[in-house]
Amino acid sequence: MSRAGAMFLRCRARRVDNKHISAYNSAVRRKPGQLLPLETAICVCAANLRRNGTFEFHGYEIAKRLGDESDSRLLTAYGTLYRALGRLEAMGLLQSQWEDPHIPARENRPGRRIYTLTAAGETAAQEARKTAAAAKKAPKRAVRRPVPA
(Lines give C-alpha, C1' and ligand atoms only; values in the text may rest on other atoms or scores of the structure.)
Protein backbone atom coordinates (compact mmCIF):
# COMPACT_ATOMS: atom_id res chain seq x y z
CA MET A 1 0.00 0.00 0.00
CA SER A 2 1.28 3.45 -0.83
CA ARG A 3 2.05 6.02 1.80
CA ALA A 4 -0.88 8.22 0.68
CA GLY A 5 -3.23 5.23 0.88
CA ALA A 6 -2.11 4.41 4.42
CA MET A 7 -2.60 8.07 5.43
CA PHE A 8 -6.09 8.05 3.95
CA LEU A 9 -7.06 4.93 5.91
CA ARG A 10 -5.74 6.40 9.17
CA CYS A 11 -7.66 9.66 8.65
CA ARG A 12 -10.78 7.79 7.66
CA ALA A 13 -10.59 5.56 10.72
CA ARG A 14 -10.39 8.62 12.99
CA ARG A 15 -13.76 10.22 13.54
CA VAL A 16 -13.79 13.93 12.77
CA ASP A 17 -15.33 15.96 15.57
CA ASN A 18 -16.53 19.41 14.54
CA LYS A 19 -18.62 20.15 17.63
CA HIS A 20 -16.31 23.01 18.59
CA ILE A 21 -17.44 24.84 15.43
CA SER A 22 -20.79 26.52 16.06
CA ALA A 23 -22.07 25.89 12.52
CA TYR A 24 -21.77 22.13 13.10
CA ASN A 25 -23.12 22.17 16.63
CA SER A 26 -26.85 22.80 16.86
CA ALA A 27 -26.88 23.14 20.66
CA VAL A 28 -26.13 26.66 21.85
CA ARG A 29 -24.50 26.90 25.27
CA ARG A 30 -26.29 29.31 27.57
CA LYS A 31 -27.50 29.68 31.10
CA PRO A 32 -30.98 28.22 31.63
CA GLY A 33 -33.74 30.74 30.99
CA GLN A 34 -31.41 33.30 29.42
CA LEU A 35 -31.59 34.64 25.88
CA LEU A 36 -28.65 35.46 23.65
CA PRO A 37 -28.23 39.16 22.75
CA LEU A 38 -29.55 38.58 19.21
CA GLU A 39 -32.61 36.75 20.53
CA THR A 40 -33.31 39.54 23.01
CA ALA A 41 -32.95 42.14 20.25
CA ILE A 42 -35.39 40.19 18.05
CA CYS A 43 -37.99 40.04 20.84
CA VAL A 44 -37.64 43.75 21.62
CA CYS A 45 -37.82 44.68 17.94
CA ALA A 46 -40.90 42.48 17.43
CA ALA A 47 -42.54 44.05 20.48
CA ASN A 48 -41.83 47.52 19.04
CA LEU A 49 -43.41 46.48 15.74
CA ARG A 50 -46.42 45.13 17.65
CA ARG A 51 -46.85 48.42 19.52
CA ASN A 52 -46.82 50.26 16.20
CA GLY A 53 -49.59 48.05 14.82
CA THR A 54 -47.56 45.46 12.86
CA PHE A 55 -48.39 42.10 14.43
CA GLU A 56 -46.69 39.91 11.82
CA PHE A 57 -43.20 40.22 10.38
CA HIS A 58 -40.82 38.25 8.17
CA GLY A 59 -37.09 37.65 8.51
CA TYR A 60 -35.87 40.33 6.12
CA GLU A 61 -38.09 42.93 7.77
CA ILE A 62 -36.73 42.15 11.23
CA ALA A 63 -33.15 42.19 9.84
CA LYS A 64 -33.71 45.71 8.46
CA ARG A 65 -35.17 46.88 11.77
CA LEU A 66 -32.32 45.35 13.76
CA GLY A 67 -29.82 47.09 11.50
CA ASP A 68 -31.60 50.42 11.99
CA GLU A 69 -32.44 50.23 15.70
CA SER A 70 -29.63 48.29 17.32
CA ASP A 71 -26.09 47.16 16.76
CA SER A 72 -25.92 45.63 13.29
CA ARG A 73 -22.99 43.47 14.43
CA LEU A 74 -25.53 41.05 15.91
CA LEU A 75 -26.15 39.69 12.42
CA THR A 76 -22.65 38.44 11.75
CA ALA A 77 -23.15 35.58 9.29
CA TYR A 78 -25.62 34.26 6.78
CA GLY A 79 -28.33 32.34 8.58
CA THR A 80 -27.64 33.81 12.02
CA LEU A 81 -31.02 35.52 12.10
CA TYR A 82 -32.97 32.52 10.85
CA ARG A 83 -31.34 30.15 13.34
CA ALA A 84 -32.20 32.59 16.13
CA LEU A 85 -35.80 32.84 14.87
CA GLY A 86 -36.00 29.04 14.88
CA ARG A 87 -34.67 28.85 18.46
CA LEU A 88 -37.17 31.51 19.60
CA GLU A 89 -39.96 29.55 17.98
CA ALA A 90 -38.80 26.34 19.68
CA MET A 91 -38.81 28.21 23.03
CA GLY A 92 -42.38 29.39 22.42
CA LEU A 93 -41.51 33.09 22.15
CA LEU A 94 -42.51 33.28 18.46
CA GLN A 95 -45.00 31.49 16.24
CA SER A 96 -44.56 31.16 12.50
CA GLN A 97 -46.41 30.10 9.39
CA TRP A 98 -45.88 30.35 5.65
CA GLU A 99 -47.78 33.16 4.00
CA ASP A 100 -50.61 32.45 1.59
CA PRO A 101 -48.97 31.10 -1.63
CA HIS A 102 -51.15 33.34 -3.81
CA ILE A 103 -49.51 36.52 -2.47
CA PRO A 104 -45.92 35.74 -3.60
CA ALA A 105 -47.23 34.33 -6.89
CA ARG A 106 -49.10 37.58 -7.55
CA GLU A 107 -46.07 39.69 -6.57
CA ASN A 108 -43.61 37.44 -8.45
CA ARG A 109 -41.36 36.73 -5.44
CA PRO A 110 -40.53 33.78 -3.18
CA GLY A 111 -42.80 32.91 -0.27
CA ARG A 112 -42.05 34.26 3.18
CA ARG A 113 -42.25 32.71 6.60
CA ILE A 114 -44.33 35.08 8.74
CA TYR A 115 -43.55 35.35 12.48
CA THR A 116 -45.75 36.56 15.34
CA LEU A 117 -44.59 37.44 18.85
CA THR A 118 -46.34 35.36 21.52
CA ALA A 119 -47.31 36.49 25.03
CA ALA A 120 -44.17 34.78 26.37
CA GLY A 121 -42.12 36.71 23.81
CA GLU A 122 -43.73 39.97 24.90
CA THR A 123 -42.82 39.13 28.51
CA ALA A 124 -39.22 38.40 27.47
CA ALA A 125 -39.06 41.76 25.67
CA GLN A 126 -40.38 43.59 28.75
CA GLU A 127 -37.80 41.85 30.96
CA ALA A 128 -35.04 42.81 28.51
CA ARG A 129 -36.16 46.44 28.63
CA LYS A 130 -36.18 46.40 32.45
CA THR A 131 -32.70 44.87 32.54
CA ALA A 132 -31.38 47.48 30.10
CA ALA A 133 -32.96 50.30 32.13
CA ALA A 134 -31.49 48.94 35.37
CA ALA A 135 -28.06 48.67 33.75
CA LYS A 136 -28.24 52.33 32.72
CA LYS A 137 -29.24 53.43 36.25
CA ALA A 138 -26.55 51.36 37.99
CA PRO A 139 -23.60 53.40 39.18
CA LYS A 140 -20.50 52.95 37.08
CA ARG A 141 -17.47 51.53 38.77
CA ALA A 142 -14.62 53.93 39.31
CA VAL A 143 -11.61 53.32 37.13
CA ARG A 144 -8.39 52.99 39.05
CA ARG A 145 -5.56 54.99 37.65
CA PRO A 146 -1.99 54.35 38.56
CA VAL A 147 -0.45 56.96 40.82
CA PRO A 148 2.84 58.32 39.50
CA ALA A 149 5.75 57.40 41.71
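This is a predicted model: local features need pLDDT of at least 70, side-chain atom pairs count only at pLDDT 80 or more; totals for chains, interfaces and linings use all residues.

Reader: Fine by me. What makes up the chain overall?

Author: The chain has 6 helices and 3 strands. Read from the N terminus, the elements go α-α-β-α-α-β-α-β-α. Of the 149 residues in the chain, 23% are buried. As for contacts between residues at least 6 apart in sequence, 57% of them join residues at least 24 apart.

Reader: Let's take helix 2. How do you know that its span agrees with its number of residues?

Author: Helix 2 covers residues 37-51, which is 15 residues. After the helix comes Gly53, which has a positive phi, near 100 degrees.

Reader: Which residues of helix 2 are buried, and what covers them?

Author: The buried ones are Leu38, Glu39, Ala41, Ile42, Cys43, Cys45, Ala46, Ala47 and Leu49. Their cover includes strand 1 (56-58), helix 3 (59-69), helix 4 (80-91), strand 3 (113-117) and helix 6 (119-137).

Reader: How many disulfides does the structure hold?

Author: It holds 0. To be called a disulfide, a pair of cysteine sulfur atoms has to lie within 2.5 Å.

Reader: On to packing. What makes helix 2 roughly perpendicular to helix 6?

Author: Their axes are 8 Å apart and the packing angle is about 110 degrees. That makes the two helices roughly perpendicular, because angles of 65 to 115 degrees get that name. On the helix 2 side, Thr40, Cys43, Val44, Ala47, Asn48, Arg50 and Arg51 take part, meeting Gly121, Glu122, Ala125, Ala128 and Arg129 of helix 6.

Reader: How do you describe helix 2 against helix 3?

Author: Those axes come within 10 Å and cross at roughly 100 degrees. Helix 2 is therefore roughly perpendicular to helix 3. Here Leu38, Ala41, Ile42, Cys45, Ala46, Asn48 and Leu49 from helix 2 meet Glu61, Ile62, Arg65, Leu66 and Glu69 from helix 3.

Reader: Why are helix 3 and helix 4 given a label of their own?

Author: The axes of helix 3 and helix 4 come within 10 Å, crossing at roughly 110 degrees. So this pair is roughly perpendicular too. Gly59, Tyr60, Ile62, Ala63 and Leu66 of helix 3 make the contact with Leu81, Tyr82 and Leu85 of helix 4.

Reader: Now a strand. Where is Ser96, and why is it called buried?

Author: Ser96 sits in strand 2, residues 94-98. Its relative accessible area is 18%, so it is buried, given that the label needs a value under 20%.

Reader: Which side chains make polar contacts with the side chain of Ser96?

Author: Glu89 does, at 2.7 Å, and so does Arg113, at 2.9 Å. Leaving out residues up to four places away in sequence, Ser96 touches Glu89, Arg113, Ile114 and Tyr115.

Reader: What about Gln95, which residues is it in contact with?

Author: Gln95 is in strand 2 as well. Setting aside neighbours within four places in sequence, it contacts Glu89, Ile114, Tyr115, Thr116 and Thr118. Its C-alpha atom is 9.7 Å from that of Glu56, a residue 39 places away along the chain.

Key
Residues are numbered from 1 along each chain as its sequence is written. Side-chain values use heavy atoms; hydrogens and water are left out. Helices (H or I, at least four residues) and strands (E, at least two) are DSSP runs, numbered from the N terminus. The expected span of a helix is 1.5 Å times one less than its number of residues. Buried means under 20% relative accessible area, exposed over 50%, partly exposed in between (1.4 Å probe, protein chains only). Contact means heavy atoms within 4.5 Å. A polar contact is a pair of N or O atoms within 3.5 Å; within protein, one must be able to donate a hydrogen and the other to accept it, and residues adjacent in sequence count only if both atoms are side-chain atoms. Axes are lines fitted to C-alpha atoms, for helices over the stretch in contact, and angles run from 0 to 180 degrees between N-to-C directions. Angles under 35 degrees count as roughly parallel, over 145 as roughly antiparallel, 65 to 115 as roughly perpendicular and the rest as oblique.
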